[in-house]
Amino acid sequence: MSRKLVLASHGKFAEGLLHSVEMIIGPPSCEVEVYGLEHGGNPFDYAKELEEEIRLNPEREFVIVCDLFGASIANAMSLLTGYENVFVFTGMSAGLVLSLLLSYTDPLDEDGIKGVLDETKQGVQVIRLTEDSSESEDF
């Protein structure tokens, strides 16, 4: 089953994130589409367009990554989860996208979804220098 990754955000966040990911890994291993909601736009219109593609390609996996849980884009994309081949993630980050492109390339199942979320959560950390580390001779 082939995969299409859709990055959907407010403004140009998704576009910029894809550019960053491509700097790190080069061209993605699957098709990636970017949707950026602009002022006056309606994410439900995009969801209808995407739904037509999903309906015509039941053998293809569609993984949609949205920027914010509970926001208009995620709400519009969530309507597509009635299709078995659609997965919607929120909390867009480079770590999440890299995980989907590098670590979890097989069709997603419950274990894969859990793995993506666990791997992504591990990338969210607070880094603080301690007094000892600031005097380190390793720098």
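**Briefing: helix crossing and sheet arrangement**

Helices α4 and α5 cross in a right-handed manner. The structure is a predicted model. Its four-stranded sheet is open, with parallel pairing and the strand order β2-β1-β3-β4. The points below take up the helix pair and then the sheet.

**The α4 and α5 pair**

- Two packed helices are described by the angle between their axes and the distance between the axes.
- Helix α4 covers residues 94–103 and helix α5 covers residues 110–122; they pack at an angle of about 135°, and their axes lie 9 Å apart.
- Angles over 145 degrees would count as roughly antiparallel and those from 65 to 115 as roughly perpendicular, so α4 is oblique to α5.
- On the α4 side, the contact is made by G95, L96, S99, L100 and S103, while α5 contributes V116, E119 and T120.
- Sorted by class, this contact has three nonpolar, four polar and one charged residues.

- Strands β1 (residues 3–10) and β3 (residues 61–66) run parallel and are joined by six bridges.
- The bridge partner of A8 in β3 is C66.

**Helices packed on the sheet**

- Helix α1 (residues 13–25) touches β1 and β2, and its direction makes about 130° with that of β1.
- Helix α2 (residues 43–56) touches β1, β2, β3 and β4, and its direction makes about 160° with that of β2.

Note on methods: Residues are numbered from 1 along each chain as its sequence is written. This is a predicted model: local features need pLDDT of at least 70, side-chain atom pairs count only at pLDDT 80 or more; totals for chains, interfaces and linings use all residues. Side-chain values use heavy atoms; hydrogens and water are left out. Two strands pair if DSSP finds at least two bridges between them. Helices (H or I, at least four residues) and strands (E, at least two) are DSSP runs, numbered from the N terminus. Contact means heavy atoms within 4.5 Å. Axes are lines fitted to C-alpha atoms, for helices over the stretch in contact, and angles run from 0 to 180 degrees between N-to-C directions. Angles under 35 degrees count as roughly parallel, over 145 as roughly antiparallel, 65 to 115 as roughly perpendicular and the rest as oblique. A crossing is left-handed if the near helix is turned anticlockwise from the far one by less than a right angle, and right-handed if clockwise. Ala, Val, Leu, Ile, Met, Phe, Trp, Tyr, Cys and Pro count as nonpolar, Asp, Glu, Lys and Arg as charged, and the others, Gly among them, as polar.
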